[in-house]
Amino acid sequence: MFIAIARPAVEPQGPDAVAVPGSPAMVELPPRALHARLLENAALRRRRGLERRRSNRADDADYWLHAAPAAVRKASALREEKSFAPLP
């Protein structure tokens, strides 16, 4: 039995980290936006950890509460690496 391999109707063009037809291209964020996203991630991880603790899921809570400081460390390292200009 012969099966023909058909090419997809949509081909990715340019740098696409996901390389799936139709997926949005990944854009590189400016340092301030990346810093804000890292801090938001830290807050979400902490909130998730507290939520798991209230649900008596100690293992999950410990994981998320220990993951939050890692995001804060990444944000502070980014701030040291890229000197931010003062806000106007």
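**Entry 1. Basis.** I worked from a predicted model, in which local features need pLDDT of at least 70 and side-chain atom pairs count only at pLDDT 80 or more, whereas totals for chains, interfaces and linings use all residues. Residues are numbered from 1 along each chain as its sequence is written, and side-chain values use heavy atoms, with hydrogens and water left out.

**Entry 2. The chain.** I found two helices and zero strands in the chain; helices (H or I, at least four residues) and strands (E, at least two) are DSSP runs, numbered from the N terminus. The accessible surface comes to about 7,500 Å², and 57% of that belongs to carbon and sulfur atoms (Shrake-Rupley method, 1.4 Å probe; for residues, only the protein chains shown count as cover). Of the 88 residues, 17% are buried, where buried means under 20% relative accessible area, exposed over 50%, and partly exposed in between (1.4 Å probe, protein chains only). I also looked up contacts, meaning heavy atoms within 4.5 Å. Among those between residues at least 6 apart in sequence, 47% join residues at least 24 apart.

**Entry 3. Helix H1.** I checked its length: the 24 residues should span 34 Å at 1.5 Å a residue, and the end C-alpha atoms are 35 Å apart, which agrees. The expected span is 1.5 Å times one less than the number of residues. His35, Leu38, Ala42, Gly49 and Arg52 are buried in H1, and helix H2 (58-81) is included in what covers the buried residues of H1. After H1 comes asparagine 56, which has a positive phi, near 60°.

**Entry 4. Arginine 52.** Is arginine 52 buried or exposed? Arginine 52 counts as buried because its relative accessibility is 18%. Leaving aside residues up to four places away in sequence, I list Arg57, Asp60, Ala61 and Trp64 as touching arginine 52.

**Entry 5. Salt bridges.** I took a salt bridge as a side-chain nitrogen of Lys or Arg within 4 Å of a carboxyl oxygen of Asp or Glu, and by this rule the count is three. Glutamate 51 and arginine 52 form one of them, at 3.4 Å from N to O. Glutamate 51 is partly exposed, its relative accessible area being 40%. Aspartate 60 bridges to arginine 52, with the closest N and O atoms 3.8 Å apart, and also to arginine 57, with the closest N and O atoms 2.4 Å apart. Arginine 57 counts as partly exposed at 41% relative accessibility, and aspartate 60 is partly exposed at 27%. Through shared partners, these salt bridges join Glu51, Arg52, Arg57 and Asp60 into one network.

**Entry 6. Aromatic rings.** I counted one aromatic pair. The rule pairs rings of Phe, Tyr and Trp (its six-membered ring) if their centres lie within 6.5 Å, with planes under 30 degrees apart counted as stacked, over 60 as edge-to-face and the rest as tilted. The ring centres of tyrosine 63 and tryptophan 64 are 5.0 Å apart and the planes stand at 80°, so this pair is edge-to-face. Tyrosine 63 is exposed, with a relative accessible area of 53%. Over the ring of tryptophan 64 sits the charged end of arginine 48, 4.4 Å from the ring centre; the criterion is NZ of Lys or CZ of Arg within 6 Å of the ring centre and within 35 degrees of the ring normal.
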